[in-house]
Amino acid sequence: MAHEPLSQADVLLEGFLALDTPEGFRAELIEGEIVVTPPPDGDHEDCIGLIVNQVIRRSRTDMQFSGNKGLKLRSGGGCPKNHLVPDGTFAPMELRLYRGADSWMPCDGVAMVMEVTSTKPQADREAAERRCYARAGIPLYLLVDRDTAQVTVFGEPKGDDYREHCARPFGKPIALPEPFAFDLDTADLV
């Protein structure tokens with residue numbers, strides 16, 4: 001029986017899914033490019049912990065958190081499905097999205113993803129990840145930029161980007177809209 005030939009996007013996706021990265025490293029498929037990042041430093045993890053603690057304690061809606069959860073996102077153009085691993089993924093507790101989820105889960109129900117700049121801050125700041133999250137319809141994207149000492153909340157995804165964004169320097173609070181509905185204190189990020 002004849003099989004249809006695989007497209008270049010299919011071959012790339014199969015190769016990506018078969019990758020065996022060293023322990024602690026993570027691989028992502030972002031708009032047709034495989035990106036491998038090394039384990040984060042302690043300051044990176046400290047920022048994540050400070051934010052997660054506030055979200056769990058102060059959010060109007062009870063939230064679940066997953067660090068480094070693989071998300072399958074819609075793609076644009078001829079790119080294969082994007083596979084990203086945000087530093088943090090938040091979802092309403094009532095949905096229990098992580099229970100029984102595969103290594104790479106769909107992003108339906110995710111309320112917010114968070115990225116903290118790492119040893120490659122330019123890659124974290126580039127619009128490719130933001131476009132992927134917006135295209136997937138993830139309502140909020142929180143970017144903590146340690147080099148510029150600012151936090152940005154992107155909201156209202158439409159097409160390939162977010163229509164709204166608000167940036168605040170470390171030390172100034174920044175509003176997280178519903179379902180979180182509180183001002184994130186960034187003073188400890190300084």
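Reader: Is Asp41 buried, exposed or partly exposed?
Author: Asp41 is partly exposed, with a relative accessible area of 33%. Bear in mind that this is a predicted model.

Reader: Which residue forms a salt bridge with Asp41?
Author: Arg146 does, and the closest N and O atoms are 3.0 Å apart. Arg146 sits in the loop between strand 9 and strand 10, and Asp41 in the loop between strand 2 and helix 2, so the pair ties together parts that are 105 residues apart in sequence.

Reader: How many salt bridges does the structure hold?
Author: Five. Another of them joins Arg135 to Asp160, with the closest N and O atoms 2.8 Å apart. That pair links distant parts of the chain: Arg135 is in helix 4, Asp160 is in the loop between strand 10 and strand 11, and 25 residues separate them.

Reader: What about the side chains of Arg163 and Glu156, where do they meet?
Author: In a salt bridge, 3.1 Å from N to O. Arg163 counts as exposed at 54% relative accessibility. Glu156 is partly exposed, with a relative accessible area of 37%.

Reader: Back to helix 4. How many of its residues are buried?
Author: Seven of the nine, so helix 4 is largely enclosed by the rest of the structure. The buried ones are Ala128, Glu129, Arg130, Cys132, Tyr133, Ala134 and Arg135.

Reader: What follows helix 4?
Author: Gly137, with a positive phi near 80°.

Reader: Switching to strands. Why is strand 8 largely enclosed?
Author: Five of the five residues of strand 8 are buried, so the rest of the structure largely encloses this strand. Both faces are covered. Met112, Met114 and Val116 are buried on one side, Val113 and Glu115 on the other.

Reader: Why two sets like that?
Author: Because in a regular strand the side chains alternate between the two faces of the sheet.

Reader: Which strands are joined to strand 8, and do they run parallel or antiparallel?
Author: Strand 6 runs antiparallel to strand 8, joined by three bridges. Thr89 stands opposite Val113 there. Strand 9 runs parallel to strand 8, with five bridges. On that side Val116 stands opposite Val144.

Reader: Which side chain has a polar atom 2.7 Å from the backbone nitrogen of Val116?
Author: That of Asp87. Asp87 is found in the loop between strand 5 and strand 6. At 4% relative accessibility, Asp87 counts as buried.

Reader: What else does Asp87 touch?
Author: Beyond four places in sequence, its contacts include Arg26, His44, Ile48, Phe65, Asn68, Met114 and Glu115.

Reader: Now the nonpolar core. Which residues of the largest one touch the most other members?
Author: Val55, Phe90, Met114, Leu142, Val144, Leu176 and Phe180, out of 23 residues. Helix 2 gives the most to this core, with five residues.

Reader: Where is the other core?
Author: Apart from the largest one.

Reader: Which residues is Phe90 in contact with?
Author: Leaving aside neighbours within four places, the list includes Val52, Val55, Met63, Phe65, Tyr98, Met112, Met114 and Phe180. Phe90 is buried, with a relative accessible area of 0%.

Reader: Let's do aromatics. How many pairs does a search of the whole structure find?
Author: Six. In one, the rings of Phe65 and Phe90 have centres 5.1 Å apart and planes at 50°, so the pair is tilted. Phe65 lies in strand 3 and Phe90 in strand 6, so the pair ties together parts 25 residues apart in sequence. Phe65 is partly exposed, at 28%.

Reader: And how are Tyr141 and Phe154 arranged?
Author: Stacked, 5.4 Å centre to centre, with 20° between the planes. Tyr141 lies in strand 9 and Phe154 in strand 10, so the pair ties together parts 13 residues apart in sequence. Tyr141 counts as buried at 1% relative accessibility. Phe154 is buried too, with a relative accessible area of 10%.

Notes: Residues are numbered from 1 along each chain as its sequence is written. This is a predicted model: local features need pLDDT of at least 70, side-chain atom pairs count only at pLDDT 80 or more; totals for chains, interfaces and linings use all residues. Side-chain values use heavy atoms; hydrogens and water are left out. Buried means under 20% relative accessible area, exposed over 50%, partly exposed in between (1.4 Å probe, protein chains only). Helices (H or I, at least four residues) and strands (E, at least two) are DSSP runs, numbered from the N terminus. Two strands pair if DSSP finds at least two bridges between them. Rings of Phe, Tyr and Trp (its six-membered ring) pair if their centres lie within 6.5 Å; planes under 30 degrees apart count as stacked, over 60 as edge-to-face and the rest as tilted. A nonpolar core is a set of buried Ala, Val, Leu, Ile, Met, Phe, Trp, Tyr and Cys residues joined through side-chain atoms within 4.5 Å. Contact means heavy atoms within 4.5 Å. A polar contact is a pair of N or O atoms within 3.5 Å; within protein, one must be able to donate a hydrogen and the other to accept it, and residues adjacent in sequence count only if both atoms are side-chain atoms. A salt bridge is a side-chain nitrogen of Lys or Arg within 4 Å of a carboxyl oxygen of Asp or Glu.
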